Structure formats: structure tokens, C-alpha cells
Protein chains: 2
Amino acid sequence: MQKMKPRTLSGFMELLPARQAQFEKIAQVLRETYALYGFYPLDTPILEASEVLLAKGGGETEKQIYRFQKGDSDLAMRFDLTVPLAKYVALNYGALTFPFRRFQIGKVYRGERAQRGRFREFYQADIDVIGDGALDIMNEAEIPSIIYKTFSELGLERFKIRINNRKVLNGFFEMLGLTGRASDVMRTIDKLDKIGADAVRDILLEEGVDAAQADEILRFITLGGGTDGILQALERYKGKNETLDAGISELATVAGYMTAFGVPADHFEIDLTIARGLDYYTGTVYETTLLDHPEIGSVCSGGRYDNLAEYYTDKKLPGVGISIGLTRLFYVLQDKNLLSENPPASPADALILPMTDDMGAAIALATRLRAEGIRTQLHCEKKKFKAKISYADKLAIPYVVFMGEDEIANHTVTLKELATGEQTTGDFAAAVSRIQAGLAERARGKVIVEG
Amino acid sequence: MQKMKPRTLSGFMELLPARQAQFEKIAQVLRETYALYGFYPLDTPILEASEVLLAKGGGETEKQIYRFQKGDSDLAMRFDLTVPLAKYVALNYGALTFPFRRFQIGKVYRGERAQRGRFREFYQADIDVIGDGALDIMNEAEIPSIIYKTFSELGLERFKIRINNRKVLNGFFEMLGLTGRASDVMRTIDKLDKIGADAVRDILLEEGVDAAQADEILRFITLGGGTDGILQALERYKGKNETLDAGISELATVAGYMTAFGVPADHFEIDLTIARGLDYYTGTVYETTLLDHPEIGSVCSGGRYDNLAEYYTDKKLPGVGISIGLTRLFYVLQDKNLLSENPPASPADALILPMTDDMGAAIALATRLRAEGIRTQLHCEKKKFKAKISYADKLAIPYVVFMGEDEIANHTVTLKELATGEQTTGDFAAAVSRIQAGLAERARGKVIVEG
């Protein structure tokens with residue numbers, strides 16, 4: 001038979017089993033943590049009508065989208081989880097209870113130019129809280145605190161959540177009479193980390209900002225002293241512009257609540273240079289950076305918006321949300337060697353090796369081990385003993401159980417821990433408690449281990 | 001602004017939040033149960049190169065597939081999880097350890113004619129064990145026992161796993177000299193339940209099977225007496241055809257091992273009419289029916305095959321697998337009112353109502369409750385008290401926690417259980433243990449409740 005060469009499309013992540021098991025552990029931590037904060041899991045189709053998905057239209061999105069005709073239908077694959085959420089909330093408005101809290105972990109599609117670390121199919125992990133007409137500012141502090149909790153559960157420690165407030169920026173530019181140019185100025189400011197203050201000042205002047213304004217902008221965005229220091233410095237700007245005043249007050253409230261939510265002071269900071277796109281976000285905005293890998297940019301971003309679904313409904317639906325680019329984050333963790341290999345991801349806790357022809361006793365033992373919550377495999381293939389031990393080794397299965405004539409006759413279990421070579425023969429209960437003690441020790445490890 | 005009417009494509013399941021939470025519970029039970037049997041979780045792209053996905057080609061599949069051009073690429077959305085598995089195993093053969101055990105729960109796409117209960121995007125939940133050159137028959141007994149365990153964990157009780165062996169059928173037809181017509185005969189036999197033995201006999205005769213053969217076929221496929229009875233009756237057929245002998249022996253072995261795997265005798269039966277397509281399966285085959293809903297057909301099917309990936313590789317990769325049509329099963333459970341509403345699916349265990357302007361204390365309480373594993377929401381919106389209680393009611397959140405001046409001053413927590421109206425004020429530890437006791441009681445409920 002003529003064979004077709006098997007291949008996976010470029011830009012599509014497909015992992016080997018042990019890697020995939022690590023990815024799944026991360027997804028499971030996300031699901032469990034999000035659930036702890038009272039979010040509904042949501043699932044929406046990957047395919048939608050193109051006109052619905054592209055209601056907002058325009059831009060990069062439209063060029064990258066996977067769009068095609070099937071019969072009479074013009075279909076497209078979703079390119080993010082926000083547009084489907086907007087559609088869902090508008091469509092089901094009458095059936096939902098607000099504030100509506102949902103998380104969604106799902107694949108999205110963008111036909112980007114293929115390059116290292118860029119994916120055309122990738123997971124996003126989003127959380128959003130949507131209000132009906134109004135939404136309390138508490139939510140703007142809770143969202144980043146969920147990210148802190150999630151990253152901590154994963155084992156990440158060296159990260160910082162940077163927050164800003166769009167009202168602070170908008171008010172500040174209003175005050176300077178630069179509202180019309182805010183977009184250009186923000187783009188320039190964004191280069192501060194890369195090119196330094198002097199170069200930013202030069203560009204601002206070239207763009208027609210006058211010298212006094214440029215100095216004012218640079219003074220403002222380089223305010224220092226940590227969260228408390230910046231908030232104190234911002235007090236001096238109060239009373240000059242209403243929007244700015246509102247923004248400063250919101251920033252102070254959010255910072256205070258984040259502490260109550262358990263985010264340590266060294267894991268978040270105010271960064272007045274963050275804007276996150278100019279036409280969608282209206283209040284608090286977030287970015288999250290890995291301290292040792294600033295070059296990869298924000299791994300988790302979002303913010304407060306006033307109108308989730310304005311393309312579908314007249315209802316005012318303000319919300320706040322954040323998104324983890326899970327596939328890209330995983331790629332980076334893998335690339336930077338931050339995924340824990342100890343204990344390695346194994347598909348089973350115990351491997352039973354039947355030493356008799358009739359496998360009934362070995363099978364019954366597997367059934368009993370599984371009833372105790374021990375993930376168990378049976379190895380019944382006709383292979384040499386050494387090959388079977390090597391199988392356990394390769395799959396990082398920590399315990400091997402031998403089931404031979406003696407064990408069957410004496411109702412005993414012979415258990416070997418591969419890492420230590422320690423082998424014991426005892427009753428079923430003793431084997432279970434030995435395995436469970438070992439697993440409890442292993443379960444303490446996190447998925448991510450830094451430096 | 002001109003609004004776009006939001007809509008979801010027909011044939012695409014999109015659930016309201018409480019329903020989706022039930023779906024997720026089912027998916028979680030599947031993931032946990034499959035893991036207990038030592039399967040790796042696998043994830044493969046939804047999009048593949050069309051030539052790779054359609055290597056086998058032809059038939060219904062090609063007509064239903066979502067296939068399109070993007071740039072220079074001819075792409076298609078996967079229509080099952082078996083072809084991507086075959087591609088994966090062929091592609092990664094050198095990096096995998098065999099037997100390779102994987103489960104995959106993922107969406108697949110088929111552009112079927114839209115009709116009630118039929119979906120164009122649906123989840124399949126597959127488990128497969130793939131051997132390298134050979135695979136022990138133990139696996140053919142373990143696979144259905146996993147389905148028994150999974151369905152039982154979900155709360156399903158009234159179901160039966162029906163097993164057969166393709167060697168029994170092939171050998172029997174060989175013995176009758178009907179090998180060339182086996183396909184037609186099997187199609188006719190399959191109608192037995194619907195049209196009865198006499199009508200089946202008539203059709204067989206019309207198809208040119210002679211009367212003695214037709215009687216022999218009918219006698220064979222209506223053998224009764226339960227698993228033991230049928231196995232005993234099959235003994236009489238032994239010695240006439242080698243393939244038949246092998247099949248009968250395998251059927252007996254699988255039935256015996258299934259008992260060792262803990263499947264009760266009343267939850268499986270031998271059904272000699274099951275064939276499951278003539279060119280793929282080669283050994284044990286399975287179907288699973290809900291006893292009270294036979295009209296929906298098999299909800300979980302699969303079997304033993306000899307060549308998983310023959311379109312991609314010369315390697316002989318025998319395997320055994322089974323697939324649950326999860327979206328369709330969920331639709332049926334919903335339709336037949338088999339999804340438990342007690343306790344209803346709630347996104348949180350506790351809702352905190354702050355009764356003071358500063359929410360710091362309420363937020364700190366939420367953080368402490370979450371640290372105890374209690375899924376907690378804060379309701380900070382400017383709403384009347386009654387509206388907030390109604391919010392908890394609608395979301396089926398069982399406990400409401402009031403945080404007012406008194407509670408803050410006295411370091412107490414006031415806790416109300418909505419179902420009973422019982423309200424207590426005490427310390428934090430007392431509140432936690434009251435909530436946890438209630439949740440433990442609720443956790444005993446299964447997702448599915450029959451009759």
C-alpha cells in the first residue's frame with residue numbers, strides 16, 4: 001500500500017506524552033483555581049458565522065482569520081475567546097444572572113506567519129466578570145489576585161503583575177491638552193524600557209509635543225517609590241482634571257484591595273506606561289511579566305472595559321477580564337527549562353507485572369489498587385522481565401508490583417520502588433499505604449520550578 | 001451603531017452556564033477515571049493537512065468534512081480522534097513507549113444534515129491502547145471495564161456493555177462458505193431487534209443464502225442463556241473452523257477477565273449480532289446501550305484492530321479502543337431528564353455579602369475561605385439585599401455569609417444556609433466546618449440520576 005507521510009501542520013503544537021501530561025496539569029490547576037473564585041466554566045463553538053465573529057471588523061484579525069465557505073454558509077474559526085463571550089452574553093442576556101462570571105480555556109486560531117514560538121492554533125485561558133449596567137471596582141482588584149493565586153499554585157514565584165488605570169492616562173493627557181495625540185504619545189512612551197528616557201523625549205518633540213509637555217510626561221511616567229510611593233506622588237496631581245482624579249482614586253482602591261486579596265506587595269506594582277490598546281479598556285489594565293524573562297513580554301494581560309457586546313446589543317455590559325496565552329506560556333516554560341522533571345509526569349503510579357499465565361489475580365489486584373485511587377497499569381505483553389522494568393522506567397512509573405505464584409498463594413503483594421530499588425512483600429493494605437505515602441511526597445512538587 | 005444579531009450556528013451545542021457546569025463535571029469524571037487506568041492525556045490539532053486526514057479517503061467522511069484552502073494549504077478539521085491518533089503514533093513512533101495508552105477528549109467536526117440531537121461540532125472521548133507488533137488480549141477486557149467504571153462513577157446504572165468477537169463472525173461465515181457475502185448478511189442480521197427473526201430469514205433467502213444456511217445463521221445469532229450459556233453453546237461449534245475456534249476462545253477469555261476487572265455479570269453480555277464495520281476491527285468489538293433508551297442506539301462503541309496506522313506506516317500497530325460520543329450522550333441525558341438537579345450545579349459554595357462601604361474585611365474573608373478550598377464569590381454591587389439573596393438563589397449557591405460592622409468588630413462570621421434558612425454567628429473555624437460538612441453531603445450526589 002502507498003503510504004502517506006504523516007505530518008503535523010507548522011504552527012500547531014503537538015506534544016509528546018510526558019510533555020502533554022505537564023500541559024494538562026497546568027490546565028487542571030487553572031480550572032481548579034478559577035473555580036475557587038466562583039467562575040462558571042464556559043464552552044463555545046470553535047466555528048461561528050463569519051459575520052458574527054467579524055462584527056467589529058477590520059484590522060489584523062480579518063487578515064489572519066481562518067474563514068471559508070461550507071455549502072451556503074460563510075464560516076470562521078474563532079480568533080479569541082472575547083468575541084464569542086460577547087456573542088454569548090448578548091444572545092443569552094435574558095437567561096443569565098449578573099454579574100456573570102465565567103472562565104474559558106479553549107483553542108483559538110490565527111493564521112500568523114509561522115515563526116519560532118508563534119502558534120496558529122493556541123489555547124487561551126480567560127476569566128471575565130460581566131456586569132449588567134454597572135460593575136463594582138472590587139472586581140478590578142480580584143481579577144489580578146486570581147492570576148497571582150494561579151501562578152503561585154503552578155509554582156511560579158518570580159513574576160510581577162503591573163497595573164495601571166486608563167482614566168489616569170486619559171485624564172493626564174486631557175490635562176495637557178494632548179487628548180487627540182494620546183495614541184501616538186502612548187506608543188512612544190511604550191518604548192521607554194527599550195530606548196531610555198532621552199530617546200523617548202526626542203521622539204515626543206519630533207511628534208510636536210512641546211518641551212514642557214514632554215518633561216511633564218516623562219516625570220509622570222517615571223514616578224517611582226513602589227505602589228505606595230507612586231500613589232503618594234499621584235496625590236500631587238489631584239484637583240486638576242476630573243478623569244485623572246477618578247483614575248488615581250481607583251488605582252488606590254485597587255491596590256488596597258489587592259493586598260486584602262492576598263497579593264504580596266512585591267508581586268504587583270503600578271506602571272503608568274501600560275495602556276493596552278486605546279479603544280477597548282476604560283479602567284484598570286494589567287500586564288504580567290516573568291522577572292527573569294522580560295524579553296518575552298506580558299504572559300497575561302487584560303483590564304476593565306465598559307461595553308463588552310456593543311456590536312450585538314444596546315445593553316451596557318461593563319466587565320473586567322484577563323487572558324493567559326497558555327500555549328505560548330507553555331512553550332516559553334519548556335524553552336526556558338522551567339517545567340519540573342522531578343517528579344516527572346507519569347501516566348501511572350503502579351505497574352503490575354503478572355508472573356503467571358492466568359492473569360485473573362493480577363487483574364483483580366489492579367482493580368483493588370484503582371479502587372484506592374492508585375493509577376495502575378497492567379503489563380501483560382510477552383516481553384522479557386528486563387523490558388518490562390525498562391517500560392516502567394521510561395514512563396517514570398514509580399512502583400512495580402510483582403504478582404507470581406507465591407503472592408497468589410499467600411495473598412501477598414511484592415512491591416518495588418524503582419528509584420530506591422527497595423522491595424517489600426506484605427499484605428495488600430501495607431502495599432497501598434506504602435504507595436500512597438510515596439505519592440503524597442511526590443504530590444508536593446509543583447509543575448513549574450524556577451532556577 | 002448598527003447591531004449584528006448574535007447567533008450560534010445550527011448543529012453547534014452551546015449550553016447555558018448551569019448546564020455547562022454539568023457537562024464539565026462529566027468531562028472531569030472521564031478524565032479522572034481514564035487516568036486511574038494509566039492513560040496519558042493526549043491533545044492533537046483540530047486542523048490537519050487534508051491529504052493526511054483523508055489518507056484513507058472515500059465515503060461519507062469526505063462529503064461531511066470541513067475542508068478549505070488557506071494560502072497554499074489544503075486544510076481540514078478532524079472528523080474523529082482515531083485518524084489523528086494514527087498520524088501521531090506513526091509520526092512519533094520512535095519517541096513512544098509501547099504499549100501506548102492514551103485518552104483524548106476533544107471536539108470533532110462533521111457537516112451532517114442538521115437535525116434534532118445531531119451535531120456538527122461534538123466531543124468524542126476516546127481511549128486506546130496501541131501495541132508495537134502485538135497486544136495482549138487482556139487489553140480487550142480492560143477497555144470495556146473502564147467504560148463500566150466511568151459510567152458507574154457518573155451515576156449511570158441501567159446500561160449494558162455488549163461484546164462480540166469478529167473472529168467468531170468471520171469464522172462462522174467461513175464455515176458456511178459465505179465469506180464473500182458476510183457484509184450483506186451482517187447488515188441483515190443487524191435488523192434482528194427491529195424486524196424479528198422471520199423477516200431476517202426472508203431477506204437472507206432473497207439475498208441468495210440457502211434455507212439451511214439461513215436457519216444456521218438464525219440459530220447462531222439467537223443463542224441465549226447469558227454469557228455463560230452462550231459460551232457453553234459456542235463450545236458445540238468448536239473444531240469446525242480455526243478462526244471460529246480462536247474467536248470463541250478469545251470471547252471466553254475476555255468475559256472471564258471482565259469479571260476480574262470488576263464488571264458485574266448483569267452489566268455485560270455477549271451479543272453475536274454486533275459487527276461494527278467490516279474492514280477495521282479484527283477481534284473483540286463493543287457496543288453499550290442504555291437499558292431504558294434502546295432507541296438511541298450505542299452510546300459507546302469500539303473494538304480491537306490490527307493496523308491502526310497502515311495508511312502512514314509499514315509498522316504493525318494493533319490496538320483496542322472505545323469512544324464515547326460525549327455531546328450526543330449529554331444531549332440524550334438532558335433530553336431524558338437524567339441529569340441531576342439536586343444538588344444543582346453551582347459556580348460557588350459561598351457568597352459573601354459585604355455590609356460596609358470598605359470591602360477590605362469581606363475580601364480578606366473571601367481569601368481565607370478560598371484557602372480552605374471553599375469556592376467563594378463576593379457580591380459587591382450596589383443592589384438591594386433581596387436582590388443579592390435572589391442572586392445566590394438563582395446560582396444555587398448554598399451558603400451566604402454576611403460581613404457587617406458587628407462581624408468585623410467581633411471577628412465573627414454570620415452564615416446562612418439558603419435551603420434551610422438556618423443562620424448562625426460564630427468564629428471563622430466554625431463557619432468553615434459548617435460549610436465543609438454541607439458540601440461533603442452534597443458531593444455524594446452523582447451527575448446522572450436515573451428514574
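The following legends describe close-up views of a predicted model.

**View 1. An open sheet of three strands in chain B.** In chain B, the strands follow the order β2-β4-β3, and their pairing is antiparallel. At the edges of this sheet lie β2 (47-49) and β3 (67-70) of chain B, each of which pairs on one side only. From one strand to the next, the twist averages 40°. In general, the strands of a sheet pair through backbone hydrogen bonds, in either a parallel or an antiparallel manner.

**View 2. The pairing of β2(B) with β4(B).** Strand β4 of chain B comprises residues 73-77 and pairs with β2(B) in the antiparallel sense. Three bridges make up this pairing. Which residue of β4(B) is the bridge partner of B:Ala49? The partner is B:Leu75.

**View 3. The largest cavity of the structure.** A search of the whole structure finds five cavities of 30 Å³ or more. The largest cavity has a volume of about 630 Å³. Both chains contribute to its lining: the elements that give two or more residues are α1 (17-36) and β5 (100-109) of chain A, together with α1 (17-36) and β5 (100-109) of chain B.

**View 4. Residues that line the largest cavity.** The lining of the largest cavity consists of 30 residues. Nearest the centre of this cavity lie A:Arg31, A:Ile105, A:Tyr123, B:Ile105 and B:Tyr123. By residue class, the lining divides into 16 nonpolar, four polar and 10 charged residues.

Conventions. Residues are numbered from 1 along each chain as its sequence is written. Chains are lettered from A and ligands numbered from 1 in the order in which they are written. This is a predicted model: local features need pLDDT of at least 70, side-chain atom pairs count only at pLDDT 80 or more; totals for chains, interfaces and linings use all residues. Side-chain values use heavy atoms; hydrogens and water are left out. Two strands pair if DSSP finds at least two bridges between them. Helices (H or I, at least four residues) and strands (E, at least two) are DSSP runs, numbered from the N terminus. Axes are lines fitted to C-alpha atoms, for helices over the stretch in contact, and angles run from 0 to 180 degrees between N-to-C directions. On a 1 Å grid over the protein atoms alone, a cavity is a set of points where a 1.4 Å probe fits but cannot get out, and a pocket is an open set with protein on both sides within 12 Å along at least five of seven lines; lining residues have an atom within 4 Å of a point. Grid points are joined across faces, edges and corners, and a volume is the space filled by probe spheres set on the points. Ala, Val, Leu, Ile, Met, Phe, Trp, Tyr, Cys and Pro count as nonpolar, Asp, Glu, Lys and Arg as charged, and the others, Gly among them, as polar.
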